[in-house]
Structures are given as structure tokens and as C-alpha cells.
Amino acid sequence: MIYATLKLLHVLAIIVWVGGMVFAHFFLRPAALQLEPPLRVRLMYATLQRFFAAVLVAVLLVLVTGLWMIARLAKESAQAGLAFNMPLDWTIMATLGIVMMAIFGHIRFALFKRLSRAVLASDWPAGGAALASIRTWVGINLGLGLVIIVFTLLMA
């Protein structure tokens, strides 16, 4: 029961993270482009502020539940007197997941700070530049997230 609950939390957190990136990248941003720069930058700032807070929780959940599930398998292997061999799909998932977490950290704690400073200063060109950088890195993270999902489902 504990493993199933951890796996559910893990998958739900990934849905929030990857699904939010799809929404922001393919639906919110194109619609926001119709707005004047001051409105567009403020809208994206307010949206990303809320989204990044949710993603921070999701990232922590993904990390904790993922490590817990790996540790549980390692413990069960040791108790059975077997060597622990993490499945290839788990290794790839964990490695790319950590890369995604590092990219998110860069987006949230470096690029979003630039956006925040631009919004506070009403510097719309700087805000637009920060948003462009955020969009690029979110696109990379979205690609990695989709690779993880596809690879994991194909390996199952």
C-alpha cells in the first residue's frame, strides 16, 4: 500500500509539472502574445510565480518518492540476499529527472529573479528577454520530461 501511494504521488507530481509546462508553452504564451508588452509580462510573471511554487512542491515530491521507491527495492533485494540492480528505465528516469530538477532550479532561482526585477522596475524589454530565456529552458525541460515518459512507458 505504501509503494502504491508513493507511486501515485510521484506520477501526480509529474503530471502537474509536465502538464503545466505544456499548458504554459503551447496555450498561455501564444494567447498572451496578443497583449501589449506591459500586460503580457505582468500576466506571465503572475502565472509563473504561482506555477513555479507548485512545481517546487512537485519537484520535492518527485525526488522524495523516487528515492523512497529506489531505496525500498534496494532494501528488499538486500533482505533477500540479492545484489541490487536498478532497472535501466529507472536509471534513465532518475538521471534525466535530476537534470530536469537542476534546470528548474536555474529557471526558478536565476531567470525568474531577472523577470521579477524587470517587472518591479517596469522594464518591459528586460522582462521580455527574461521570459524568452525561461521559455527556452522550459522547452528543454518539457522535451526531457516527454522523453522520460515515453521511454518509461515503452520499457514497461
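Trainee: How far apart are the end C-alpha atoms of helix 2, and what span should its 43 residues have?

Mentor: This is a predicted model, and its values are computed from it. Helix 2 has 43 residues, and at 1.5 Å a residue these should span 63 Å.

Trainee: Which residue with a positive phi follows helix 2?

Mentor: Helix 2 covers residues 37-79. The residue in question has a phi near 75 degrees, and it is G81.

Trainee: Which two side chains meet in a salt bridge, and what is the N to O distance?

Mentor: The count of salt bridges comes to 1. Side chains of opposite charge can pair when their charged atoms come close. Here the partners are E76 and R72, with N to O at 3.0 Å.

Trainee: Why are E76 and R72 separated by about one helical turn?

Mentor: Both residues belong to helix 2. E76 counts as partly exposed because its relative accessibility is 39%, and R72 counts as partly exposed because its value is 32%. The separation is about one helical turn because the two are 4 residues apart in helix 2.

Trainee: Which helices are included in what covers the buried residues of helix 1?

Mentor: The buried residues of helix 1 include L6, W17, M21, A24 and L28. Their cover includes helix 2, helix 3 (88-120) and helix 4 (124-155).

Trainee: Is H10 buried or exposed, and which backbone oxygen does its side chain reach?

Mentor: H10 sits in helix 1. It counts as buried because its relative accessibility is 10%, under the 20% cut-off. Leaving aside neighbours within four places in sequence, H10 is in contact with V62, T65, G66, M69 and M93. At 3.3 Å, its side chain reaches the backbone oxygen of V62.

Trainee: Which backbone oxygen lies 3.1 Å from a polar atom of the side chain of N141?

Mentor: N141 is in helix 4, and it counts as buried because its relative accessibility is 1%. Setting aside neighbours within four places in sequence, N141 is in contact with W17, M21, M100, I103 and F104. The backbone oxygen at 3.1 Å belongs to M100.

Trainee: How many residues has the largest nonpolar core, and which have the most contacts inside it?

Mentor: The largest nonpolar core has 34 residues. Helix 1, helix 2, helix 3 and helix 4 each supply at least two of its residues. Those with the most contacts inside this core are W17, M21, L48, F52, I107, L115 and I134.

Trainee: Which residues is M21 in contact with, leaving aside its neighbours within four places in sequence?

Mentor: M21 is among the buried residues of helix 1. Leaving aside the neighbours within four places, its contacts are F51, M100, V138, N141 and L142.

Trainee: Where is S122 placed, and what is its phi near?

Mentor: S122 is in the loop between helix 3 and helix 4. It counts as partly exposed because its relative accessibility is 44%. Its phi is positive in a residue other than glycine, near 55 degrees.

Note on methods: Residues are numbered from 1 along each chain as its sequence is written. This is a predicted model: local features need pLDDT of at least 70, side-chain atom pairs count only at pLDDT 80 or more; totals for chains, interfaces and linings use all residues. Side-chain values use heavy atoms; hydrogens and water are left out. Buried means under 20% relative accessible area, exposed over 50%, partly exposed in between (1.4 Å probe, protein chains only). A polar contact is a pair of N or O atoms within 3.5 Å; within protein, one must be able to donate a hydrogen and the other to accept it, and residues adjacent in sequence count only if both atoms are side-chain atoms. Contact means heavy atoms within 4.5 Å. The expected span of a helix is 1.5 Å times one less than its number of residues. A nonpolar core is a set of buried Ala, Val, Leu, Ile, Met, Phe, Trp, Tyr and Cys residues joined through side-chain atoms within 4.5 Å. A salt bridge is a side-chain nitrogen of Lys or Arg within 4 Å of a carboxyl oxygen of Asp or Glu.
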